[in-house]
Amino acid sequence: MTTDVLKQSVVVFSKNYLPINQINIKRAIILLVTDKAEPLDVGDIKHIPVHSPTMVLLVPQQIRLKINHTEKSWRVPAVTRREVLRRDKHSCQYCGSPKQLTLDHVIPLSWGGKHTWDNVVAACEPCNNRSAR
Ligand SMILES: [Zn+2]
């Protein structure tokens with residue numbers, strides 16, 4: 001029962017009331033108790049009761065950050081070779097080879113593709129050369 005509650009997620013809004021993330025309830029509690037966030041102040045929001053041995057915590061389903069979310073802990077990690085290879089489990093996303101891995105831009109930079117997480121994949125050198133345009 002308690003573990004089910006802890007699997008629920010909370011929507012985080014920025015200072016400007018824009019939804020920016022969905023986090024698990026434990027993280028939401030941490031943000032609330034460390035005063036980095038507050039319950040989102042809109043009409044009737046739902047609360048998720050979380051029972052601890054000594055008390056019942058009512059965790060709002062929407063919280064708003066008090067801090068600027070461009071702070072380090074919220075920044076999207078840089079798209080580095082090491083991180084991309086880790087995300088793609090050290091295998092070429094075209095043929096599955098674990099050898100000669102490089103990064104490939106799905107939409108080539110020359111076509112206006114960006115060096116972002118959704119445009120960079122791990123690719124082995126033969127596949128990368130094949131897809132080079
Ligand atoms: Zn390949």
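This is a predicted model: local features need pLDDT of at least 70, side-chain atom pairs count only at pLDDT 80 or more; totals for chains, interfaces and linings use all residues.

Colleague: What makes up the protein chain, and in which order do the elements run?

Modeller: The protein chain has 4 helices and 8 strands. Starting at the N terminus, the order is α-β-β-α-β-β-β-β-α-β-β-α. Helices are DSSP runs of H or I with at least four residues, and strands are runs of E with at least two, numbered from the N terminus.

Colleague: Why is Lys89 called exposed?

Modeller: Lys89 has 10 other C-beta atoms within 10 Å, so it is exposed: the label needs 12 or fewer, whereas buried takes 20 or more and partly exposed is in between, with C-beta atoms placed from the backbone. Lys89 sits in the loop between α3 (81-87) and β7 (101-105), and has a positive phi of about 55° without being a glycine.

Colleague: And why does His90 count as partly exposed?

Modeller: His90 has 13 C-beta neighbours inside 10 Å, so it counts as partly exposed. His90 is in the loop between α3 and β7, and its phi is positive too, about 50°, although it is not a glycine.

Colleague: How many residues does the protein chain have, and what share is buried?

Modeller: There are 133 residues in the protein chain, and 14% of them count as buried.

Notes: Residues are numbered from 1 along each chain as its sequence is written.
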